[in-house]
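Okay everyone, thanks for coming.

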Amino acid sequence: MRKSFSLTYELNEKAILREAEADGTIPLVTNATDLSDRDVLLAYKKQPRVEKRFSQMKSDFDVAPVYLKNVDRVEALLCAYFLAMLTQALIERELRLAMKAAN
């Protein structure tokens, strides 16, 4: 004897309409009470760029734990990483501007 199964479903129209009202809404939560709603949104829009730079530090620049005892060497290493990231960001900016000018 063979068993057979069937599947049935119903759409919850009320829930679909309720969820459709929230389409395109982005909840932003912050503990920065001194920022206006607009300032929070502008700060949030920069998040992908900040995360990209941290990702680059861990991948492209191969930043790994470094054990330095001399504070001057730590500062020099951080300065080198900063200059590398700044150089890369400026090159990307020039490239984006050139691409925009060329359509």
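So, is Glu92 buried or exposed? Glu92 is buried, with a relative accessible area of 16%; buried here means under 20%, exposed over 50% and partly exposed in between, with a 1.4 Å probe and protein chains only.

Quick housekeeping. This is a predicted model, where local features need pLDDT of at least 70, side-chain atom pairs count only at pLDDT 80 or more, and totals for chains, interfaces and linings use all residues. Residues are numbered from 1 along each chain as its sequence is written, and side-chain values use heavy atoms, leaving out hydrogens and water.

Back to Glu92, which sits in helix α4. Helices are DSSP runs of H or I with at least four residues, numbered from the N terminus. The buried residues of this helix are Tyr81, Met85 and Glu92, and α3, residues 47-58, is part of what covers them.

How do α3 and α4 pack? Their angle is about 125°, and their axes are 11 Å apart; axes are lines fitted to C-alpha atoms over the stretch in contact, with angles from 0 to 180 degrees between N-to-C directions. That makes the two helices oblique to each other, the class left over once angles under 35 degrees (roughly parallel), over 145 (roughly antiparallel) and 65 to 115 (roughly perpendicular) are taken out. On the α3 side, the contact (heavy atoms within 4.5 Å) is made by Lys52, Arg53, Gln56 and Met57, and on the α4 side by Met85, Gln88, Ala89 and Glu92.

And Glu92 itself? Leaving aside residues up to four places away in sequence, Glu92 touches Lys52, Arg53 and Gln56.
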